[in-house]
Amino acid sequence: MKNILVTGGCGFIGSNFILYMLEKHKDIKIVNLDKLTYAGNPANLIEIEDNDNYFFVRGDICNEKVILDIFENHNVNTVVHFAAESHVDRSILGPEEFIRTNVFGTFCLLEVCRKFWKDVSDKKFLHVSTDEVYGSLGETGLFTENTSYDPSSPYSASKASSDHIVRSYNRTFGLPINITNCSNNYGPYQFPEKLIPLVIDRIIDKKEIPVYGKGDNVRDWLFVKDHCKAIETVLVNASDGETYNVGGNNEITNIDIVRTLCDLVDEFTKSNNSQNLIKFVKDRPGHDKRYAIDASKIKNELDWSPEYNFKTGIRETVLWYINNRKWVENIKTGDYLKYFEDQYNERL
Ligand code: NAD
Ligand code: TYD
């Protein structure tokens with residue numbers, strides 16, 4: 001791990017990862033390749049803009065030439081691949097970009113690695129993926145690394161496809177890869193289309209909170225800083241070809257999350273009765289009922305386990321959104337308002 005290409009480093013998890021790695025490791029170089037879609041925000045990385053070990057390239061992972069130039073200019077020997085279209089609801093409104101970026105873009109990166117790394121030693125391609133590739137669980141059971149793939153949404157199907165392609169480059173070409181499949185992340189810098197930042201923002205603005213269906217779907221929440229540490233651990237310690245599930249051990253129903261957020265915002269802003277804003281709305285088509293991760297492989301083999309429990313992580317997150325109103329307000333302009341209307345107008 002030395003000259004790292006991070007793709008999608010201006011997104012939620014990528015930004016947190018770059019900040020974490022540059023703070024902790026003084027002997028690495030990070031090149032961030034990001035297209036700056038609606039989800040990419042260079043403001044997340046303002047504090048490391050002048051760091052001599054950090055470089056930003058605006059570009060598309062579907063463009064092999066751009067990737068190859070970075071490999072040549074920076075002698076890249078490690079790729080941490082976050083870049084993706086990441087929101088399930090958007091994949092239902094328009095799947096095409098998901099197939100292009102998540103499937104074809106991943107293929108382009110792998111092709112450059114295959115060609116450029118022929119005579120390079122000490123190299124690694126780490127593909128950051130999701131537990132949604134496994135589909136939905138019923139009332140019981142956990143996803144393990146051996147659970148069959150059974151994706152439900154165009155988003156999860158595109159991530160499943162990319163996982164298969166990444167694995168095939170290991171088996172066929174011997175490319176040193178790892179795949180991590182993690183559960184739902186939360187924390188600072190998450191785009192306010194995902195449940196937690198969207199709900200915090202609606203509560204602060206005293207607007208109705210859309211809860212899909214009965215609010216009884218379950219997700220296993222992982223604090224983003226724990227996720228960053230898991231990725232670092234896999235980069236440093238995992239054997240080539242291995243896959244790891246990463247989860248926070250925090251199974252919670254959506255309605256419980258929403259109620260907790262209402263109570264925390266009420267506590268921090270000295271408001272009250274925010275729970276009255278909750279509105280149950282038309283469900284998401286193909287909505288997976290429950291995700292839950294068995295993270296024993298990464299715990300036993302690599303000695304990683306989450307440091308945050310949900311109570312501490314969610315307090316830190318709510319406070320971050322309250323203290324960074326400007327960050328959210330800057331996002332809530334034309335494109336965002338249009339998306340909100342398309343997604344919620346019939347529901348609210
Ligand atoms: P995000 O949507 O916040 O950020 C995605 C980033 O990728 C943005 O900066 C965007 O500009 C960039 N990007 C998109 N298309 C690109 C392209 N063609 N070329 C270059 N850059 C491009 O996503 P996130 O939540 O940070 O997720 C990062 C990764 O983690 C994704 O691969 C996602 O599938 C995976 N993941 C996320 C979660 C979660 O809870 N957020 C959970 C499991 C897995
Ligand atoms: P989301 O944050 O979109 O993540 P994912 O779909 O990848 O799990 O949604 C988390 C859960 O919250 C999911 O069960 C859908 C639900 N949800 C709502 O009830 N209302 C909303 O407005 C959103 C965005 C999500």
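Modeller: By the grid rule, the count is 2 cavities of 30 Å³ or more. A cavity is a set of points, on a 1 Å grid over the protein atoms alone, where a 1.4 Å probe fits but cannot get out; lining residues have an atom within 4 Å of a point. Points join across faces, edges and corners, and a volume is the space filled by probe spheres set on them. This is a predicted model: local features need pLDDT of at least 70 and side-chain atom pairs pLDDT 80 or more, while totals for chains, interfaces and linings use all residues. Residues are numbered from 1 along each chain, chains are lettered from A and ligands numbered from 1 as written, and side-chain values use heavy atoms without hydrogens or water.

Colleague: How much space lies in the second largest cavity?

Modeller: Its lining includes Glu 132, Arg 219, Arg 284 and His 287. The space in the second largest cavity is about 50 Å³.

Colleague: Which residues come nearest to ligand 2?

Modeller: Around ligand 2 there are 19 residues (a heavy atom within 4 Å). A polar side-chain atom of Arg 284 lies 2.5 Å from a ligand 2 oxygen. Those that come nearest are Glu 132, Arg 219, Arg 284, His 287 and Tyr 344.

Colleague: Which side chain has an N or O atom 2.9 Å from an oxygen of ligand 2?

Modeller: For Glu 132, that kind of distance is 2.5 Å. At 2.9 Å, the side chain is that of Asn 254.

Conventions
1 Å grid on protein atoms, 1.4 Å probe; cavity = no way out; pocket = protein on both sides within 12 Å on 5 of 7 lines; lining within 4 Å. Polar contact = N/O pair within 3.5 Å; in protein donor to acceptor, adjacent residues only side chain to side chain.
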